[in-house]
Amino acid sequence: MKLSQFKFKLPEELIALDLPHKVFENEDGTVEKVYRRDECRLMVVHRKSQTIDMYEKDADGNDTDTFMTFRNLVNYFDEGDAMILNDTKVFPARLFGTKEKTDAQIEVFLLRELNPELRLWDVLVEPARKIRIGNKLFFNEDSHMVAEVIDNTTSRGRTLRFLYECPHDEFKEDLFRLGSAPLPRYIINKREATADDMENFQTIFAKNEGAVTAPASGLHFSRELMKRLEIRGVNFAFITVHCGLGCFDPIEVEDLTKHKMSSEKMQVKDEACSIVNEAKANGHHVCAVGISTLRATETAVGTDSMLKAFDGWTNKFIFPPYDFGLADSMITNFYHPESTMVMATAAFGGYDLVMEAYNQAVEKGYKFGCYGDAMLILDD
């Protein structure tokens, strides 16, 4: 397929800048936000019947005027079904420092630690033109946290060595204390990251640190909703995919077969395989929660359509047409035009049906992006 086939007009006001929330004014005049992860809208796409559901049903099964929310997810799964979730943990990757001598403010985006002993980190810097090998960056007023640029990796990429003498755990704690939630650029361009974002831009089941962007479809799960699914008999299989920035990289070729995805570290353990394969063997549904999960499971699935243990990297790029080997349902968000996430969604649900769902989402005012609304694709 071609890149231009995934182009559509997305109004700026439909890009979500926060999780769903209500605003309350306290007696002292201060304003407080109360977040409700599972109150985003839910659109359900049925790929066999080629139908799209957006509204709750009445007693007779007819559409009401009330949009479904993510809480309605429990109505689509039964005992023995399995959901595969990504338990990666986002760290506060965005820092701001000053360049020595000039005091120019520099944004440093931590990507991954290269060598804990030497305090080496792979980072992105902005503006990159001001940062050269040998430059030093200062991250706090007392100058205790200092980094030296020791290599160029890409046009914006640098290798930093942090000059900080202390135990590694203490160093990382101090480093992360200086950082903020690594919200996507389309949010940061509209508002600054807040203390709330470090909790909101994290799934409630986040466990294994290493992501620089959230597995967005997992953000909708609240503890109450997961308990309701558990009571219904749904089993959860956790895998780890450390989400990187590759999903946000612009595609610069019209022919999608020529695009190369950045690699992401992933791990699928035996326990997750047992849960998923038992559900599949017994004819139950297997639901991949999010594009990162979908890419990982398609990397780790065997020729027998069963999930295999895996510890390594994936750079799988999914776009139509694609023959999926494991999940028969998936949960995803609504994403930007020409993004790799839209392409993977279209591959799973079918290009024409998914693009129609996107058209309706725009028309009905659904929210897009990491903090946006959700789509459930079912094989019925």
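1. Lining of the largest cavity. In this predicted model, 24 residues line the largest cavity. Nearest its centre are Cys247, Ile291, Ser292, Tyr335 and Met341. A cavity here is a set of points, on a 1 Å grid over the protein atoms alone, where a 1.4 Å probe fits but cannot get out; lining residues have an atom within 4 Å of a point.

2. Its makeup. The lining of the largest cavity has 15 nonpolar, six polar and three charged residues. Nonpolar means Ala, Val, Leu, Ile, Met, Phe, Trp, Tyr, Cys and Pro; charged means Asp, Glu, Lys and Arg; the others, Gly among them, are polar. Helices α6 (291-300) and α7 (340-349) each supply at least two lining residues. Helices (H or I, at least four residues) and strands (E, at least two) are DSSP runs, numbered from the N terminus.

3. Cavity volume. The largest cavity holds about 260 Å³ of space. The count is one cavity of 30 Å³ or more. A volume is the space filled by probe spheres set on the grid points, which are joined across faces, edges and corners.

4. The largest pocket. About 1,300 Å³ of space lies in the largest pocket. A pocket is an open set with protein on both sides within 12 Å along at least five of seven lines. The pocket is lined by 48 residues, with Leu111, Leu124, Gly244, Leu245 and Gly246 closest to its centre. β10 gives the most to this lining, with five residues. The lining divides into 23 nonpolar, 12 polar and 13 charged residues.

5. Basis. Residues are numbered from 1 along each chain as its sequence is written. Local features need pLDDT of at least 70 and side-chain atom pairs count only at pLDDT 80 or more, while totals for chains, interfaces and linings use all residues, and side-chain values use heavy atoms, leaving out hydrogens and water.
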